Amino acid sequence: MLNSIIAGDRVEEEICRRISIIHSQGPVNAVDLEFLSYAKKFHQPVFSKYESKLLYVLGQFYKSLEPRSFIETVYNLYSEGISKELDEYFTPVQASIYLQIKAKKYFSFSAPTSAGKSYLFRTLIKREKKDIVIVVPSRALISEYYKAVMEIVEDSNEILVLQFADNINTKKTERRIYIVTPERAIELFKISRHLSIGLFLMDEAHISEDPSRGIKFDWFVRRIGEEFKDAKKVFAHPFVENPEAQLKKHFIQEESASENFRQASVGKIFLERSADGFKYFSPNIECDDVLSKTDPVMSIIKNKGSVLIYIAKSKLYEDEFDAQFLPYIKSCPQIRDDGAKKIISELAEYLGVDSSEDKKSDLLEYMRKGVVIHHGSIPLKARLLIEEFVRAGYARICFATSTLNQGINMPFDAVWLARIDRLKPLDLKNLIGRSGRSQKNDVFDFGYTIVESDKRELFLQKYNQAFEISEQSQLELLSTGKDEDVFDLVESLKNNSFNDNLFLPQSQVDRIKAADINGDVSFLLDSFFGQNEVITGNQYNALGESRRKKIKETLGRLYSVHLIRQELTTAEKSVLSTAIPILLWRIQGKSFSQIVSMRFAYLSRKDEQKIIKKRLKNKEIKKGEAKELLSKLEARVQTAPAPIPDKRLSRSWSFTKTAAEDLSYDHVIYDTYDYLDKVISLSMVDPLCAVFEVYFERSKDERAKKLINFIRYGTDDSIEIYLLRYGFDFEEIEWLKPHIEQVNTEEIVFANTIKKLSDEKLKVIQRYI
């Protein structure tokens, strides 16, 4: 097939035949779109005669097309009919999903990437009259949704949009839109009496299959089924064969429907890469490969396109990707665009990068050539800036890990799968879907997928493997009590005993109340507070090694009292021990860049390095001796971050076998962020805050309340806490706070001085003015 297509044998006749098949059967056969992609690439003059007709039969009615034939006129009438009925130029798939959502209380569906789900959801959000809750698998996807939703409601200040659940701005709010992860979704039930939710959108709902996070997702689905019976619930999945299973696992039968939409809208061309170059191949039919006369990746880069290279996270950490892809990296010119430079500068400031102080960042150096790195350990704000950089068209190459599997909308001209072994079939298809995403311009879109020659067989195996979700929830599978770490959560759903105020199962709160915590909490409060104010970093260091050690041990002990297990494993204790100093810095109000800087100095043994360099400068030692001493000085090793509790956790290490002077500042950034996010925010904050809340109820010691605020918010300043609850970050609060006259749960009252703010800053606060 490929030889004849590329050679142009009867290509016009075959284009017509493929369009006819799509007209009669729909775009459900990957071979048809694959053929048409080759036809467009190699025979554009012939293909262009039929491109408009193809777009019509694909149902891409949102493109500005003028019918030029009878069949196009028929499809145009169909499009107008949809538009007249639904007041949108939906594709047939979008129209079907929309109508079924409107007709049913529960609807679960699956659709390929580029099916137009995002546009459909925007329409649902725009038209809903009640409160909305959007549940997504990652905080990066939260931010993407937040930006899209803010564009929808930018002229409606009476709509509150938050990336967590809170009941604020009540004086001005008529309805609310919350965008949350399953972990943050539990906050919803604390304020449920104030809400009138009409729609729950569960995007990337196959998170239900995740061994850990799926439990919390399923728990959330069960609770909203009980507490918000009248709200519509929508489950969206990509490439799932049995979306009905999402309903079966929660025993949902009445007023429900499901459908698997197979209609694609974007073509794919597949290439195998070996030492001899690139070859075209097809995963959809058996045919001979065809050698490519050009390097498609180099062509894309030179034509200012973009390539996503999926690679192992370990290779990114060890900089091994540089050598493998060096010719492509070298072909990327230095960035000259002022918009790109502004993003890079903002990113450097946030991360605390300073080459003059050895805090150099390879991440930023690559960006200056239009090469970006994207993975889950890059701080969220940094990732958002990187994504902005990509969407603006500044990136030529993006080295990424599995973070892009979760629906983040960053289309590329090609996806190069440099690693496949750990990819699940669903994740593989999601990544392939990142190439050639459907655009609004009036052309047929296609993208490239590139596979290493030695991974081709594994690729074909996973590509052709269907993905199904389980018809049984993990809540049932884990209800036997064998897994102690989730037993309390599962039981709290069964007996309706979750404590919505403390965000813990009541059984865990009861353990805290029964534990002998008074002495430990009193010791911590006495240690942390002087003159009723939290001590500074210098004052903490002045406490002495023995007392600081006791503080860490006490915090670890207080964290553990909520667990059903009597003792943490060695691996869990090690994670907790490493996390506690970072938590203490957070309590002392340190910014992210300050925490990274202090950890970098400690891990890279800066003081010891300075002593050696000073001895060299004073001519106490020779250059060769200094070099040898520095090479033997190894960076401090610490336990790698991991969520706890997890009794199956195996201890692993960060920064092993690394010379102190070679320690990567980027790697310390990633490690620190994982501790703040995965360990402190997701694992430690709620249990520790519950401990101090129980103590406060007993003792009425206001210092306990203060410490709760420092742990949960990083500040005890009431204005700052309110502004955080309104969705501002600390960087924004720094310039915003002087312009606040009053802030509470009802509203923000701004001073007249806001008129002096720049247009950019006014845009940030516009929704509350």
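## Basis

In this predicted model, local features need pLDDT of at least 70 and side-chain atom pairs count only at pLDDT 80 or more, whereas totals for chains, interfaces and linings use all residues. Residues are numbered from 1 along each chain as its sequence is written, and side-chain values use heavy atoms, with hydrogens and water left out.

## Helix H33

Helices (H or I, at least four residues) and strands (E, at least two) are DSSP runs numbered from the N terminus. The 12 residues of helix H33 (residues 702-713) should span 16 Å at 1.5 Å a residue, and the end C-alpha atoms are 16 Å apart, which agrees; the expected span is 1.5 Å times one less than the number of residues. Gly714, with a positive phi near 85°, follows H33.

Among the buried residues of H33 are Arg703, Leu707 and Phe710, where buried means under 20% relative accessible area, exposed over 50% and partly exposed in between (1.4 Å probe, protein chains only).

## Salt bridges

The whole structure contains 55 salt bridges, each a side-chain nitrogen of Lys or Arg within 4 Å of a carboxyl oxygen of Asp or Glu. Lys171 pairs in this way with Glu747, their closest N and O atoms being 3.4 Å apart, and the pair links distant parts of the chain, 576 residues apart. Lys171 is exposed at 57% relative accessible area, while Glu747, at 17%, counts as buried.

Arg456 forms a salt bridge with Asp289, with closest N and O atoms 2.7 Å apart; Arg456 lies in helix H21 (residues 456-463), and Asp289 in the loop between strand E9 (277-281) and strand E10 (290-291).
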